[in-house]
Amino acid sequence: MTKRTSAKYKLDRRMGENIWGRPKSPVNKREYGPGQHGQRRKGKVSDYGIQLRAKQKLKGYYGDITEKQFKKNYFEASRMKGDTGQNLIGLLERRLDAVVYRAKFAPTIFASRQIVSHGHIYVNGVKCNIASRLVKPGDEITLGKKAQEMALVMEAQALAERDIPDYVSPDGAAKVTYVRVPTLDEVPYPVKMEPNLVVEFYSR
């Protein structure tokens, strides 16, 4: 399990955007960066800086996955047919923790990873605790009985700011089927994601 080493909302403030679309995000009140000099951190950003920011934002959105894992996804996406940026989004959206988050089994991507790692998720009837596992179209993802009674899960299912996207098909409150790998336009990001800049970053 990847450990989050910094406060999750610090990423929001560093980016100046509410990247998860959460009502509690401090960006809703303070749009400047964190720290003593946060309000003075404005200036011209280089192409490299813009690309790095796009990478950090996308990587952070998926629970601040490690650079090693993220880079592995990029290289896998670059070997696939078609647009590398779209392929990268598809791979990230196939992660089990991402699907659990999309299914509204967890209120945040971090909680989603925790639910998976604690053994509360079943893929096609088999328990799976690997958050980075890639699901395939047709796979059924089920929430364990104990988890269905968790306050965390009930909170997630009641969230008004998030809907279950079309590529994840619910069957009751505790089971979904992963229908297809989405395109960038289908993914319900609260902010603009630019995988093309991530591709440019790694292509340097």
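Me: A salt bridge is a side-chain nitrogen of Lys or Arg within 4 Å of a carboxyl oxygen of Asp or Glu. Why is the contact between Arg 113 and Asp 97 called a salt bridge?

Reply: This is a predicted model, in which local features need pLDDT of at least 70, side-chain atom pairs count only at pLDDT 80 or more, and totals for chains, interfaces and linings use all residues. Residues are numbered from 1 along each chain as its sequence is written, and side-chain values use heavy atoms, with hydrogens and water left out. The N to O distance for Arg 113 and Asp 97 is 3.2 Å, within 4 Å, so the contact is a salt bridge. The pair links distant parts of the chain, 16 residues apart: Arg 113 lies in helix H6 (residues 109-117) and Asp 97 in helix H5 (residues 96-102), helices being DSSP runs of H or I with at least four residues, numbered from the N terminus.

Me: What makes Asp 97 count as buried?

Reply: Buried means under 20% relative accessible area, exposed over 50%, and partly exposed in between (1.4 Å probe, protein chains only). Asp 97 has 0% relative accessibility, so Asp 97 is buried. Arg 113, at 4%, is buried as well.

Me: Why is Glu 67 called partly exposed?

Reply: The relative accessible area of Glu 67 is 29%, which lies between 20% and 50%, so Glu 67 is partly exposed. Its salt-bridge partner is Lys 55, with the closest N and O atoms 2.8 Å apart; Lys 55, at 6%, counts as buried.

Me: How do you know that Lys 192 is exposed?

Reply: Lys 192 has 59% relative accessibility, over 50%, and therefore counts as exposed.

Key:
Helices (H or I, at least four residues) and strands (E, at least two) are DSSP runs, numbered from the N terminus.
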